Amino acid sequence: MATHPRQDESGTVPPRSGLRIERLDQFPVGRVGVVHEVQAGSDDIERLQAMGVCPGRRVMLVRRGDPMILRVLGSRIGVSARLAERISVRADE
Amino acid sequence: MEARRANDAVDPPILPPEPSSDSLRIAIIGNPNAGKTTLFNALTGMRGRTANFPGTTIEKHAGPLRLGQRTIELLDLPGLYSIHAATPEERLARRALLGEIVGERRPDAVLLLLDATMLERNLFLASEVAELGLPIVVALNMTDLAERAGIHIDAKRLAADLGCPVVPVAARLMRGMDELRAALARVIELPGSAAAATPKPPCGCAGCPFEARFDWAEDVGTRCTSGRPMTHGRQTERVDRVLTHPVGGVIAFAAVMFTVFAMIFWVAQYPMGWIEQGFAIAGATVGRLLGPGDLRSLVTNGLIGGVGGVLVFLPQICILFFFLSLLEDTGYLSRAAFVMDRLMRRVGLPGRAFLPMLSAHACAIPAIMSARVIADRRERLLTILVLPLLSCSARIPVYAMIAALLFAGHPVRASLAFTGAYALGIFAALGMAFVFRTTILRGEVKPLVLELPSYKLPSLRNALLLTWDRGLVFVRNAGTMILLVSLILWVLASYPTSAPSVGAAALAERAVDLARDGQVHAAAELEMRSKSLEAQHRLAHSMAGRLGRAIEPVLRPLGFDWQIGVGVISSFAAREVIVSTLAIVYGSGDVQSADPLTITERLAAARRSDGTPVFTPATCLSLLVFYVLAMQCLPTQIVTRRETGSWRWPVFQFAYMSVLAYVGAWIAFQTARGLGLG
């Protein structure tokens, strides 16, 4: 599936079609973003996708840290940073 | 039933649905936290049963559901987000829905529970369930909470979009239950009708990716919902700012845990006292009726003493599960798991392991049972292996005895010894978890993916039902086992019978003489001394006594003599037994007069043959460390066997804890002696 873009020091990836794409764990707290890519491959990522963290869904970082808290589809989900690193988000237009 | 099945196999394969109503079955399926248990309890009342799915340790709740004239079986499946995910529970729910479990009939219909406050998220599961080819009735739950948050859902529209009946309910308030029963009855009674139609796969294909399903869910959700859904959960987020804070959350967790503990130990002492008294009275009454002899000893000490020894822990277990159920219902337990994850992860345990570890301070048996909250098998196994190291309440009488021996008259130091014992247990459990993580159960902790549901008022009804359920499981599993083991130990401590002690007989004779001379008090005291001497004599010559002498060379480096050896052997089934055994071997009387104060006084006065005290500080410390770390609870081992599915793990658990206890006690004894503590 989608390849995981390698980040530079600041953790951002080169903008694609003019939009800023960031790793979910580095997205600003409180801003709504749209899930861009999910690097699949484990049961845990699949569970996260079934809970709504999959491309096209709106997501918001509620609390930063490890684990962090996301808000998606009206629910709050606690997620380890290890998983959040594998999800990229673009700011909602 | 079996005969019918056999005939069915010969008959043509296409058959009308079974006419006997009791064989019909409806499965409840829904997201975790969507209110499945509440709905199940609301529909079946007190009549639900808990069992395991055949060949698994996953629990199955089933209960009878009255639908008009019929009674059908309602089956509560584990909560899940997707039926294609890979946890054991989700796989099992999928297999149950497809009728792939041997010994389990496929459900005739599905009661799909959707949370109205999170319709879109819940519709994802709906899109998967619709592909199973079973008739569906949707219960749209939490409509009360949705309305309060300003979310309005058009149930008719939703029914049209899903192609199945939709009934708005509020299971917590028992609202909509009659309508739901009516809808279920229509599906059961009119198979093949519009009411019982099997919905078509909504988003095209069975292999659709997540995106397509969520696009469909968003579509349906938007069409059927009006209002301002973003206000929902504001309150929860405000509370969570404190409860999920890395520091504040841990402090809050400690406060909650302390309150639950205080409740367990403070409230439970009253019913525990009643149970102890009740069994003491029962033992005395039955003892008078039976008259002296082996049968009396068997019934009063073996049977009644054994049952009482189990039931005395029932209040603590019930209170624990009652509060855990309330905490779970409010949504708090997820926050506790969230803040603890960060800390537990360092020793290789998942955040969810805190729940069994908390329970283990009451009793390891319900703790091992509650380890089911940990989804990953290896992490569950790891948790189960270290749980018995945490100080359960059966150790309290032992700690109390040793603390009193060590620091008689110094309550502050005695309570420090107590705290130290608890701390040692926690330290040992976390340390061993770390050791196992780097050796036999290697691997990283599974990353956390945990929903933090909105806070709700807990359901008292759910809590009471769960308490009742867990209490029954405890009495059934632990009760029968402890009873059996206490009978075996009674035999070990009573046989072979020896000739009456010469000294005891002489004392008894003198007591009779004194009584004749009118010196009643002196006579009574002599008689008691005679009896305790006789009990000591009998135990010393019994199999337990001989075993104690046989293992003395092994226990010597720990500072234990053969009498303590007998105590260690006798407490193999249940730790607290050592108190009464030591009372007997050091000659302070029968089990019945086991008043802790007099026991410690007598033990403190006990002397070796060379005149030095038996219970020196070094021996006491060694004994304390030994009882913190040793696996002396056969019922726990039975439960470990049941939960891990193999004898390998209880045997390993026993072995590693015995080695740990021996080495720990040896270090404690040698260090204390080196410091000049005797």
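**Two chains and their contact**

In chain B, B:Pro496 is found in the loop between helix H19 (460–494) and helix H20 (502–516). Helices (H or I, at least four residues) and strands (E, at least two) are DSSP runs, numbered from the N terminus. The structure is a predicted model, in which local features need pLDDT of at least 70 and side-chain atom pairs count only at pLDDT 80 or more, while totals for chains, interfaces and linings use all residues. Residues are numbered from 1 along each chain as its sequence is written, and chains are lettered from A and ligands numbered from 1 in the order in which they are written.

Most residues other than glycine have a negative phi, and most peptide bonds are trans. The bond from B:Tyr495 to B:Pro496, however, is cis, with omega near -5°. In chain A, a cis peptide bond joins A:Asp66 and A:Pro67, with omega about 0°. A:Pro67 belongs to the loop between strand S3 (58–63) and strand S4 (68–72) of chain A.

B:Asn33, a residue other than glycine, has a phi near 70° and lies in the loop between strand S1 (25–30) and helix H2 (36–44) of chain B. A residue is buried if 20 or more other C-beta atoms lie within 10 Å of its own, exposed if 12 or fewer, and partly exposed in between, with C-beta atoms placed from the backbone. B:Asn33 counts as buried because it has 21 C-beta neighbours inside 10 Å. For B:Met142, phi is near 65°, again positive in a residue other than glycine. B:Met142 is located in the loop between strand S6 (136–141) and helix H5 (143–148) of chain B, and it counts as buried because 27 C-beta neighbours are inside 10 Å.

The overall make-up of chain B may now be considered. Chain B has 29 helices and ten strands, and 47% of its 678 residues count as buried. Two residues are in contact if their C-beta atoms, placed from the backbone, lie within 7 Å. Of the contacts in chain B with a separation of 6 or more, 72% are between residues 24 or more positions apart.

One pair of helices in chain B shows how such elements pack. Helix H17 (residues 396–406) and helix H27 (residues 617–629) of chain B pack at an angle of about 165°, with their axes 10 Å apart. Axes are lines fitted to C-alpha atoms, for helices over the stretch in contact, and angles run from 0 to 180 degrees between N-to-C directions. H17(B) is therefore roughly antiparallel to H27(B), the term for angles over 145 degrees; those under 35 count as roughly parallel, 65 to 115 as roughly perpendicular and the rest as oblique.

The two chains also touch each other. Their contact takes 29 residues from chain B and 29 residues from chain A. On the side of chain B that touches chain A, helix H4 (119–129), helix H8 (210–224), helix H13 (332–344) and strand S10 (449–452) each supply at least two residues. Strand S10(B) pairs with strand S5 (residues 75–79) of chain A in the antiparallel sense over four bridges. Two strands pair if DSSP finds at least two bridges between them. The partner of A:Gly78 in S10(B) is B:Leu450.

Strand pairing is found within chain A too. Strand S6 (residues 87–91) pairs in the antiparallel sense with strand S1 (residues 21–23) over three bridges, where A:Arg23 stands opposite A:Ser88.
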